[in-house]
Amino acid sequence: MTVVAIQPSYGNPAARSHWHDTLDREVAFAEPPHVAALAPEQLSDLLAAHPTGRARFWGATKAQDRNMERLRSGDVVLFTGGKLVRGVGEIGVTFRNAAFADTMWSRDPEKGSWHNVYSLTAFEPTDIPYEEIWALPSFNTGDNFMGLRVLEGAKAEEILQGLYIETPYRQQQLSDMESAVATALADGIPVEPAGTRIVAVEGFHTPVTTYERRSGSVLVNRSEALLVAEYIASVDSPDLSIRRLRTPAGITDIHLSGPKGTEIVEAKRGSEHRFVREALAQLLDYAPHSPQPADLLTGLFPSRPIDRDISLLHRYGVDCLFRTTAGHFERSAAPSDARNHMRKVWHSA
């Protein structure tokens, strides 16, 4: 399972200098002076992950030795500073080498070399406010994430799903699993259960970004977060409790409670048929886990789905909510008889 590290990286002049030197740009690690400081195995590992001989790097001092030993290739790093997640990266190679670190960064006067080094196979600058993390069920408002923090298990998955982060490594895991199933079916053998649980998430904070990979391009998209924020701003009221819930089925996009009852909203980045089906399935999966029985289930879309897809939602008692102009949304409510009939299904555990 993917581990997530929250890495302070922009809070002082030294950190900002490191950012400029090894995150804003790639380091030519296969060239002098860097290559002479690498052990043969370290160079080999780096070239396997970065065949161009160039990569972005970050490091940590001896104070973080134990935390750094928990990180592996494919894990995710949130680079933070100034109450923002300023970048999201995927770890390529981790190793300990003070001489190599010293070719990139000046030693800390008190803690010494940044000898816990890791490369990044993917990196995307972002501007995600801490409030988006604080809104997740397992995090606390006002937490400024001082010091390196390593998250595992449910908390790591909550960050990835809650911030809509999908990395190339996780995409490759899914592709490998699909290939294994296809091979098993073609060979007429049983399909083995997946050893790693993969949670589908929907991209980074930026609207659209493409990573160039040896195996092709990976599209990442975080439009759901922008749509959710705009909708919440349009309905925010002192009478409403607006939050996100962590359920056994995943993290809800919006959970609203107020005088008119409880509503679960699932947002999608598109309005085409496949997104409508995904929203419907997730809403029906979330509904039994609501602390209060849901009065409304709602799919939220960036534009109006076609009539047939709206009818699909209505058949299961689900409302369709779509953006018309900036900050304005229109609701196509499900027929009350369909909603009343389906509530028995929604509330069944």
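Biologist: Which residues of the largest nonpolar core touch the most other members?

Modeller: Keep in mind first that this model is predicted. The largest nonpolar core has 20 residues, and Val4, Leu78, Ile133 and Ile159 are the ones that touch the most other members. At least two residues of this core come from each of strand S1 (4–8), strand S3 (76–81), strand S4 (84–96), helix H5 (130–134) and helix H6 (153–162).

Biologist: What does Val4 touch, leaving out residues up to four places away in sequence?

Modeller: Its contacts are Val76, Leu78, Arg149, Val150, Leu151, Ala156, Ile159 and Leu160. There is also a second, separate core, this one with 18 residues, including Ala287, Leu297, Phe301 and Cys320.

Biologist: On to the sheets. How do I read the one that holds S1?

Modeller: Here is the general idea: strands of a sheet pair through backbone hydrogen bonds, either parallel or antiparallel. In this structure, an open sheet of six strands runs in the order S2-S5-S4-S3-S1-S6, and its pairing is mixed. Strand S2 (56–60) and strand S6 (149–151) are at the edges with a single partner strand each, so one side of each has no neighbour in the sheet. From one strand to the next, the twist averages 35°.

Biologist: In which sense do S1 and S3 pair, parallel or antiparallel?

Modeller: Parallel, over five bridges. To find one of the pairs by eye, look for Ile6, whose bridge partner in S3 is Leu78. Helix H2 (residues 40–49) packs on this sheet, where H2 touches S2, S4 and strand S5 (116–129). The direction of H2 makes about 135° with that of S4.

Biologist: What is the strand order in the sheet that contains S9?

Modeller: That open sheet of six strands goes S9-S12-S13-S14-S15-S16, again with mixed pairing. Its edges are strand S9 (241–243) and strand S16 (328–332); each has a single partner strand, so one side of each is left without a neighbour in the sheet. Ignoring direction, neighbouring strands here are turned by 25° against each other on average.

Biologist: Which helix packs on it, touching S14, S15 and S16?

Modeller: Helix H10 (residues 307–315), whose direction makes about 140° with that of S15. As for the pairing, strand S12 (residues 254–258) and strand S13 (residues 261–267) are antiparallel over five bridges, with Gly258 bridged to Gly261 in S13. S15 and S16 are antiparallel over five bridges too, and the bridge partner of Leu321 in S16 is Arg331.

Biologist: How many residues lie between the strands in the hairpin of S15 and S16?

Modeller: Two, and in that hairpin Gly327 takes a positive phi near 80°.

Biologist: Now a helix. Which residues of H8 are buried?

Modeller: Glu224, Ala225, Leu227, Val228 and Tyr231 are. They sit on the same side of H8, because they cover an arc of only 160° around the axis. The cover over these buried residues includes H5, S12, S13, S14, S15 and S16. For its span, H8 (residues 223–235) has 13 residues and reaches 19 Å from first C-alpha to last, close to the 18 Å expected at 1.5 Å a residue.

Note on methods: Residues numbered from 1 in each chain as written. Predicted model: local features only at pLDDT ≥ 70, side-chain atom pairs only at ≥ 80, totals over all residues. Heavy atoms only, no water. Pairing = 2+ DSSP bridges. Helix = DSSP H or I, 4+ residues; strand = E, 2+ residues; numbered from the N terminus. Axes fitted to C-alpha atoms, helices over the stretch in contact; angles between N-to-C directions. Contact = heavy atoms within 4.5 Å. Core = buried A, V, L, I, M, F, W, Y, C linked by side-chain atoms within 4.5 Å. Buried < 20%, exposed > 50% of the residue type's maximum accessible area, 1.4 Å probe, protein only. Expected span 1.5 Å × (residues − 1). Arc of directions from axis to C-beta.
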